[in-house]
Amino acid sequence: HEAPRRVKRAWVIPPISVSENHKRIPHLLVQIKSDKQQPGGVIYSIKGPGVDEEPLGIFSIDKFSGKVFLNAMLDREENDRYRLRAFALDLGGVTLEDPTDLEIIVVDQNDNRPLFRQDVFTGRVVEGAEPGTCVMTVDATDADDPDTDNAALRYSILEKGAAGMFSINATTGEICTARPGLDRETMGVYNLTVQAADMSGDGLTTTAMAVIYLEDINDNPPEFTKEEFSMEVEEQAVGVDVGKVFVHDKDLAGSPSWLAKFTILEGDPEGAFAIRTDPHTNDGVLSVVKPLDHEVRDRFELTVSVQNERPLEPSAPASPRALATVRVRVRDVNEAPVFRENPRRISVLEGTPPGTAITTYTASDPDTHQIQTLSYALLYDPADWLQLDPHAGTVRTKRELLHPSAFLQGGWYIALVLARDDAEPPLSATGTLSIEILEVNDHAPQLQPPAGVLCGRPGRGGTLLLGATDDDRPPHGAPFHFQLSPQHPQLARNWSIARFNVTHAVLAVLAELPEGPYSLPLLLRDSGTPPREQQQLLNVSVCHCGRDGTCLDGVLAAATAGAGITLGALMIILGSTILLLVLAGLGAARARGRRRALRKGLLQRSRDDMRDNILNYDEQGGGEEDQDAYDINQLRHPELFSPRAKPPLRRDAPLSSGTPLAPRKLPSSPSDIEDFINEGLEAADSDPSVPPYDTALIYDYEGSGSVASPLSSIVSSLTDEDQDYDYLSEWGPRFRRLADLYG
């Protein structure tokens with residue numbers, strides 16, 4: 001093994017220092033030598049940043065002498081040192097020495113000013129802050145070597161316009177209050193110019209702005225601009241603003257320390273006034289919340305206080321103008337009359353005679369300091385029952401007030417009275433007059449119904465339910481009292497009356513009675529004060545009783561079974577029944593005649609006739625409603641109905657009308673029914689003397705004679721004397737009663 005070779009001292013190169021911004025270019029930095037210098041010479045070279053690496057061309061070497069030169073100015077802020085490699089070769093390119101390091105150190109110069117991190121620094125501090133209260137910190141940087149004085153910064157405040165209120169820490173840049181007495185109302189913003197200098201304050205400098213805002217505190221109480229305010233308002237005005245009280249506050253406008261709050265301390269025991277704050281001007285607005293009456297009180301003297309929404313700082317002085325006096329004068333205006341009692345309720349007996357004074361309804365005028373006269377008029381009197389004295393206000397009846405009436409509401413009559421003063425312009429008021437019409441027992445109960453039917457046998461069927469009505473209202477109506485007339489005590493032998501409920505009683509037969517009509521005098525009495533009674537007749541028809549207690553006379557029982565059927569109604573029912581029976585008998589007789597004629601014609605034809613078979617299917621049995629079938633005899637025997645024959649008399653034609661000008665001709669062959677009908681319709685349409693439907697009625701022609709008489713005979717007379725009712729006796733026992741009445 002070879003022992004380590006000792007490196008020659010001449011080939012070991014110490015670090016080389018060179019100042020940045022060196023202007024003598026080229027500048028010799030160092031000369032390197034090899035101890036193995038050959039007679040033919042040594043070739044030197046260097047490699048590294050600044051030579052063959054970026055940045056290129058900064059350093060160079062003389063290859064024969066080994067001198068290293070600086071070819072450009074250096075900037076320490078870009079590169080503070082360079083590490084190169086030096087080589088020694090012979091002329092043949094053989095390495096003579098191992099490569100050695102060549103370090104070039106760039107020495108810093110104070111070529112960079114300090115820089116603040118921002119141009120404007122902002123801070124806030126409350127007014128009145130104690131000395132030593134820190135507000136903000138400003139800071140700057142320096143690109144020079146931080147290990148030298150070139151980057152040693154010191155801070156200071158240049159402008160002293162702040163009167164020394166703030167100080168700055170020269171090393172840290174922290175700004176704090178230096179003296180007491182910061183007052184936002186005196187100066188709200190401080191603009192400080194701060195400086196940073198390197199070389200510990202002796203080198204390069206730079207400046208920036210420090211803006212300090214003072215935050216407001218409530219250190220100024222609000223003050224009224226004057227001690228007294230005068231205002232005026234009309235009486236009876238509510239919800240109107242009377243005026244403003246003005247205040248001044250030095251604190252920040254819009255802040256809680258500025259907003260004022262007002263209080264009425266004295267002079268308004270009724271609470272007629274209120275005061276609020278105008279949010280825009282901070283003034284107090286006085287308003288009326290209750291109506292004022294000039295006649296009661298014509299002026300007010302209010303004591304008003306003011307303070308802030310936020311409590312005042314303890315250190316703030318008290319204000320001598322925190323109280324003010326507000327004088328308000330109430331101006332007199334014309335006021336409308338007033339009905340002290342509204343509505344006025346009175347009671348009047350029903351039937352009070354016209355001209356009776358029932359009340360005096362007057363109003364009062366609140367304007368006691370003005371001489372005015374009131375007049376009165378009826379504003380609403382729907383039934384025209386009242387009359388009013390226009391000067392005294394006395395209300396009298398104009399006509400009797402009676403029950404019932406459409407103008408009464410629950411027994412009350414409502415009228416409106418108008419009171420008007422004679423001011424200019426006049427004012428009026430309306431009063432409601434409610435009149436209760438007291439019920440008077442002026443009607444006796446009425447028997448309902450006044451007639452009835454019952455079986456003449458005691459016990460089952462021998463009872464009749466009686467009722468009564470009364471036009472009077474409670475308590476002058478029910479319960480009703482029914483009794484047989486005391487003037488006829490003999491009635492009690494055959495009849496009795498027992499109470500059923502408050503409005504009805506039961507009439508009962510005590511002994512068997514013969515059939516026939518009875519008139520019973522009854523005495524009916526109500527429960528009014530005093531009670532009213534009236535004797536009335538009850539018409540009772542006693543019928544023939546069956547085994548079950550019902551009337552055997554069905555027609556009479558049916559006609560009078562209802563409790564409310566009167567004699568007139570009974571006559572109407574009987575007359576209607578007779579008319580219906582007569583119509584039914586006539587219709588049946590007419591149908592029987594048509595069926596006989598139809599059967600006679602059918603026997604004369606063979607059963608092969610298709611037309612016979614069709615009509616046979618349409619035969620409905622000849623009921624009273626069978627009025628529309630065609631008489632086929634006209635088709636079988638056209639010669640009987642030829643134009644030469646006398647046409648039938650038409651009852652519905654005018655008296656002056658004659659036979660149509662073009663009587664229709666029956667077809668020669670009765671087989672063509674369609675042509676026959678069409679010709680009949682054409683004749684009807686062309687006949688100007690009668691309606692078209694009249695001609696079509698010829699198909700209902702029933703022959704020259706009829707069993708029944710025409711229906712018009714029923715109403716041909718206007719009196720019962722012209723009618724013959726003897727046929728009623730032939731209709732059986734059910735019509736015996738009618739035969740006795742009309743026969």
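**Disulfides and their strands**

Tutor: In strand 14, Cys-176 is the bridge partner of Cys-134. Please keep in mind that this is a predicted model.

Student: Over how many bridges do strand 10 and strand 14 pair?

Tutor: Strand 14 covers residues 174-177. Its pairing with strand 10 is antiparallel. The number of bridges is 3.

Student: In which order do the strands of that open sheet stand, and which stand at the edges?

Tutor: The sheet has 3 strands, paired antiparallel in the order 10-14-13. Strand 10 (134-137) and strand 13 (166-168) each have a single partner strand, so one side of each is left without a neighbour in the sheet. The edges are therefore strand 10 and strand 13.

Student: What is the S to S distance of the disulfide that joins Cys-134 to Cys-176?

Tutor: The two cysteines lie in strand 10 and strand 14, 42 residues apart, and link distant parts of the chain. The S to S distance is 2.3 Å.

Student: Is Cys-176 buried or exposed?

Tutor: Cys-134, its disulfide partner, has 39% relative accessibility and counts as partly exposed. For Cys-176 the relative accessible area is 12%. Buried means under 20%, so Cys-176 is buried.

Student: Where does Cys-545 lie?

Tutor: Cys-455 and Cys-545 form a disulfide with sulfur atoms 1.4 Å apart. This pair links distant parts of the chain, 90 residues apart, with Cys-455 in strand 34. Cys-545 lies in the loop between strand 40 and helix 1 (554-560).

Student: Which hand has the link of Cys-543 and Cys-551?

Tutor: The sulfur atoms of Cys-543 and Cys-551 are 1.5 Å apart. Cys-543 is buried, with a relative accessible area of 6%. The angle about the S-S bond is -70°, and the link is left-handed.

Student: What pattern do the disulfides of the protein follow?

Tutor: The structure holds 3 disulfides. Bonded cysteines are counted along the chain. The pattern is 1-2, 3-5, 4-6.

Terms used:
Residues are numbered from 1 along each chain as its sequence is written. This is a predicted model: local features need pLDDT of at least 70, side-chain atom pairs count only at pLDDT 80 or more; totals for chains, interfaces and linings use all residues. Side-chain values use heavy atoms; hydrogens and water are left out. Two strands pair if DSSP finds at least two bridges between them. Helices (H or I, at least four residues) and strands (E, at least two) are DSSP runs, numbered from the N terminus. A disulfide is a pair of cysteine sulfur atoms within 2.5 Å. Buried means under 20% relative accessible area, exposed over 50%, partly exposed in between (1.4 Å probe, protein chains only).
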